[in-house]
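Subject: Structure handover

Hello,

Here is the structure I promised to pass on. Please open it first, then read my notes below.

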Amino acid sequence: MIAALFPMKKLRRNSKFLLFGTILLLGVMVVFHEMDLTEELGLNPYIDDNGWWRAMVDKVFSEDHQTDPVKVSNAWRSNYTPPTWKPEFKGRANLHAFEDWCGTSTAALRKNGHFPLYPHTRTTVKKLAVNPKWSNYGLRIFGYLHPHTDGEFSIAVSSEDNSEFWLSTDDSPLNVKLLAWVGKTGTEWAVPGEFDKYASQTSGPIKLSSQRRYFFEVLYVQDDKGTGHVEVAWKLLNQDFGFTIIDSKHISLYASESGLLPSDVSTIPQTAASHHHIPSKQPGATADMLREEPRDTFYRVPLVSSNFLKGVLADCSYKPSYTLKGVRVPRYQGIHMVRLSYIYPNDYTRLTHMESDETCIYQEHPSDMKTNGFSKYIIPDGPEEKSTTDFAKPLQDEEEASDLTGTKSVPNDEKDHVVRRKKSVSDDKEDFPVRKKKSLLDDAEYFPVRRRKSVLDDKEDFPVRRKKSMLDDKEYFPVRRRKSVLDDKEVFPVRKRKSVFDDKKDFGFQRRRSVFDDNEDFGFRRRRSVRNDEEEFDAEADQKEVWPGLRNNPLFPDTYSRKHLREKEIEKNMPLQLDLKMSTPTAKVVTRGRMRKKRSEDKLQVINWNDTFQVSYQDLQALQSDQVNFGCNLVGNVQLSSSEALPLVKAFMDKLEAKHPGLFRLGRVINVVKRVDEVRGSRYLLELEVIDSSGKLLRLSQYIYNLNRSGRRRRRDTTVKELKPPPLLCNPMGFQWNPAATVHIIVPVKNQARWVQQLITEMERLFKETQDTNFNLIITDYSSSDMDVKKALEKSSLYRYDYLKLSGNFERSAGLQAGVDLVKEKHSIVFLCDLHLHFPSNIIDAIRTHCVEGYMAFAPVVMRLDCGAAPYDARGFWEVQGFGLLGIYKSDLEAVGGMNTKEFKDTWGGEDWELLDRILEGGLDVERIYLRNFYHNFHSKRGMWVT
């Protein structure tokens with residue numbers, strides 16, 4: 001029975017088919033299950049046109065290129081605690097003001113680092129219609145909405161500039177949705193009470209109940225123009241009443257904030273309106289500095305042990321010629337003695353996105369380049385390199401002038417211009433028309449004229465004009481003449497003057513068409529000149545030059561008009577001149593002994609699509625000087641050429657290979673920093689990514705010295721190409737950075753709760769990203785009354801911090817010195833810092849790398865952001881004059897006397913320059929580098945350091 005049902009022999013023979021059938025059945029079941037699952041998720045391909053596979057692709061793409069919105073939202077959703085609502089909250093709504101912030105869109109408000117938790121002002125408002133009469137601010141109004149009846153409502157908003165109205169489906173801020181708004185780009189606005197200018201201003205039907213309260217939120221931004229207003233109104237649908245402002249009867253507070261400190265943020269709701277995800281770096285950002293760069297994360301790569309670097313280069317003493325030990329530096333003049341370091345490869349600290357018409361990297365002004373072209377940078381190709389294709393002509397029916405008049409045409413390889421000949425005393429102030437005396441034969445047939453060879457023989461032939469004869473008014477007749485030896489030569493045309501009795505008759509010969517032959521057709525086309533569009537003649541000036549006997553003479557009624565037309569005809573046949581000195585074509589108008597420059601906009605341009613040229617490589621940043629240009633705050637670091645950096649790297653790697661054969665090989669060059677010393681030799685910091693024999697990536701970060709070759713300078717033989725000698729590399733004894741040095745960031749504060757909290761948050765981020773336990777935050781607090789700074793530090797996740805409470809008025813110098821005195825270890829680094837900063841993740845490593853005890857301090861250049869700018873759009877300028885951000889070993893700071901606390905007591909400003917003077921007098925070098933992604937946030941000084 002069993003054998004009949006399961007014939008094992010047949011199954012064994014057909015096992016392949018059985019296996020195939022099983023796989024096919026499983027595949028069908030998987031597909032069916034997947035389709036059933038997609039219907040449950042709302043991704044049915046028959047319902048969604050994109051298909052379930054499109055949704056899956058989009059999900060994968062979003063995971064690769066964006067932060068998961070669920071993770072972003074959970075960060076603030078998980079901390080939500082419903083507040084306790086009280087009936088006495090009715091009649092008002094919460095209003096938070098974010099002052100001194102530029103922008104016209106609500107997106108600009110979200111860029112504010114203090115939004116939404118740290119507003120400048122917390123107050124209340126009794127109706128949803130506000131007109132602060134202020135500028136450069138943003139508002140956040142929130143609370144509860146209490147409908148007066150059940151039904152379907154429509155809610156509208158109006159403002160100048162942009163605004164948004166969000167409403168929750170219940171009393172929870174977590175469920176808000178955007179219902180109405182005025183614009184998104186910052187250019188939209190509406191007058192008070194105008195609710196139908198944009199379709200987005202009015203919401204659709206919303207069903208509300210009078211038995212419930214609904215959380216709402218209004219966002220509003222005002223720039224420095226206009227008076228500013230925002231109002232929210234509502235109406236019941238299917239009613240004749242219009243929109244009415246939502247007043248105190250229908251709103252209530254979210255929470256009471258009276259008596260709270262600025263640091264108390266537990267009562268501030270966080271919603272989808274205030275937490276739109278904004279990436280820290282945008283792939284399509286206009287600032288090149290925002291792009292990912294190996295320098296930014298190189299601190300994560302483990303260092304090569306210093307034992308492998310010993311003995312690679314010979315030791316040498318480090319005594320740069322530019323140090324000023326023992327030299328008296330005039331007060332505040334040290335800033336002019338500090339030099340910039342050269343950087344390789346390009347770190348893109350040049351703020352090209354901020355360059356418009358004002359830039360200092362070019363030798364000429366950009367507006368001059370737009371006007372005069374880029375001739376300084378263009379090398380025109382020679383005649384043999386240009387295309388033989390003719391210029392594109394303005395008119396399609398042109399023919400060569402030589403076909404019409406027998407004159408020579410100028411070839412293209414002469415740049416399509418007639419070369420101006422040498423001026424002669426016989427010229428009538430211009431070399432276009434050649435005038436000759438009139439003869440009795442002027443009215444006769446055109447004939448060859450024998451003339452002496454002139455400088456014009458190699459130029460284009462010009463029409464010859466002769467003086468009027470008594471026969472001019474007679475009938476034209478053929479002249480019999482003897483055959484000349486010139487008959488086989490080129491005919492030089494002689495123009496005849498038209499007679500007043502000539503009634504446009506054709507006497508059997510052809511003559512050159514004139515401008516007054518508008519109605520004649522001689523069967524040929526005259527070459528059109530680029531001077532066809534000429535400016536009008538000055539009629540009064542021309543009349544003054546006409547012989548008085550011919551003006552208004554009844555016997556010669558058209559003498560003056562024909563004279564005018566004749567001069568115009570000459571002008572039309574003038575060739576363009578080539579200015580040999582300027583190499584720019586110019587056109588001139590000749591008017592009876594005068595020259596009038598033709599306006600450039602009236603020229604008919606000749607287009608040459610085949611005009612090619614060459615360029616020489618313009619590395620403009622490499623041409624910059626290492627001297628600090630205090631009038632230029634957009635350029636960034638001076639660039640070191642690859643022709644200098646790469647041979648130096650190769651020479652060092654050859655030395656390393658000779659010391660440790662096969663142990664290390666070069667991966668890539670991350671960073672090379674050069675400090676120029678033209679007398680003794682330049683110092684270099686080499687930061688290289690190397691690969692050891694096991695394939696592990698390592699970081700090599702070493703200072704080396706490239707000595708200048710000594711001896712008498714021999715006279716250079718220009719006939720023999722000299723080979724560049726190899727660099728003389730050595731190890732500067734004592735000049736190496738300490739990777740284990742502790743960095744103490746010292747910040748004095750007073751009554752700056754918003755900024756202090758942001759500073760603590762920045763330090764928490766640095767520790768989380770670097771896991772560096774060798775940096776310490778020191779805050780010296782002048783008894784702040786707006787927050788408990790010590791408590792905020794205790795609640796933070798910082799690994800190390802110190803707090804010192806001071807009394808009295810704020811003094812920056814005394815506050816910094818008090819923080820320095822807290823540091824017990826003299827061989828650690830103190831970084832004198834400011835409060836309003838955004839730090840790059842490699843800031844601690846950069847301070848260590850560029851501070852060398854006994855030799856060098858570090859003064860990075862910070863970028864000061866514009867009003868309304870955020871770190872991820874990097875709009876601003878480099879603070880080239882400030883030296884208040886300074887890293888230095890404590891032992892070196894004590895050696896130069898520390899901070900000047902006696903002279904700078906009640907004010908700040910100038911203490912950084914005074915300290916720099918003493919540092920240079922102490923013989924220390926100061927490394928000056930534009931540090932990527934190091935920002936000073938925009939802030940107003942209004943109300944700062946309140947005593």
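How many helices and strands does the chain have? There are 18 helices and 39 strands. Both are DSSP runs, numbered from the N terminus: helices are H or I with at least four residues, strands are E with at least two.

Some ground rules come next. This is a predicted model, in which local features need pLDDT of at least 70 and side-chain atom pairs count only at pLDDT 80 or more, while totals for chains, interfaces and linings use all residues. Residues are numbered from 1 along each chain as its sequence is written, and side-chain values use heavy atoms, with hydrogens and water left out.

The whole chain

The chain has 947 residues, and 44% of them are buried. Buried means under 20% relative accessible area, exposed means over 50%, and partly exposed lies in between (1.4 Å probe, protein chains only). The chain exposes about 52600 Å², with carbon and sulfur atoms supplying 53% of that area. Accessible areas come from the Shrake-Rupley method with a 1.4 Å probe; for residues, only the protein chains shown count as cover. Now the contacts, meaning heavy atoms within 4.5 Å. Take those with a separation of 6 or more: residues 24 or more positions apart account for 77% of them.

A four-stranded sheet

Four strands form an open sheet with mixed pairing, in the order E33-E39-E35-E36. Its edge strands are E33 (837-838) and E36 (876-878), each pairing on one side only. Two strands pair if DSSP finds at least two bridges between them. E33 and E39 (residues 930-936) run antiparallel and are joined by two bridges. Leu837 has His936 in E39 as its bridge partner.

Helix H18

Is this helix largely enclosed or open? H18 (residues 911-921) is largely enclosed by the rest of the structure, because nine of its 11 residues are buried. Among them are Leu915, Leu916, Ile919 and Leu920, but also Asp912, Asp917 and Arg918. The buried residues pack against helices H15 (812-822) and H17 (890-895), and against strands E32 (829-832), E37 (886-889) and E38 (925-927).

Look at Glu914, which lies in H18. Glu914 counts as buried because its relative accessibility is 9%. Leaving out residues up to four places away in sequence, Glu914 touches Arg331, Tyr332, Asn900 and Phe904. Just after H18, Gly923 takes a positive phi of about 90 degrees.

Salt bridges

Side chains of opposite charge can pair when their charged atoms come close. The rule for a salt bridge is a side-chain nitrogen of Lys or Arg within 4 Å of a carboxyl oxygen of Asp or Glu. By this rule the count is 29.

- Arg295 and Glu293: the closest N and O atoms are 2.9 Å apart. Arg295 is buried at 12% relative accessible area, and Glu293 is buried at 13%.
- Glu355 and Arg350: the closest N and O atoms are 2.8 Å apart. Glu355 is buried at 19%, and Arg350 is buried at 17%.
- Arg668 and Glu689: the N to O distance is 3.1 Å. This pair links distant parts of the chain, 21 residues apart, with Arg668 in strand E25 (residues 664-675) and Glu689 in strand E26 (residues 681-692). Arg668 is partly exposed at 41%, whereas Glu689 is buried at 9%.

There is also a network of salt bridges. It links Arg675, Arg683, Asp925 and Glu927.

Best wishes
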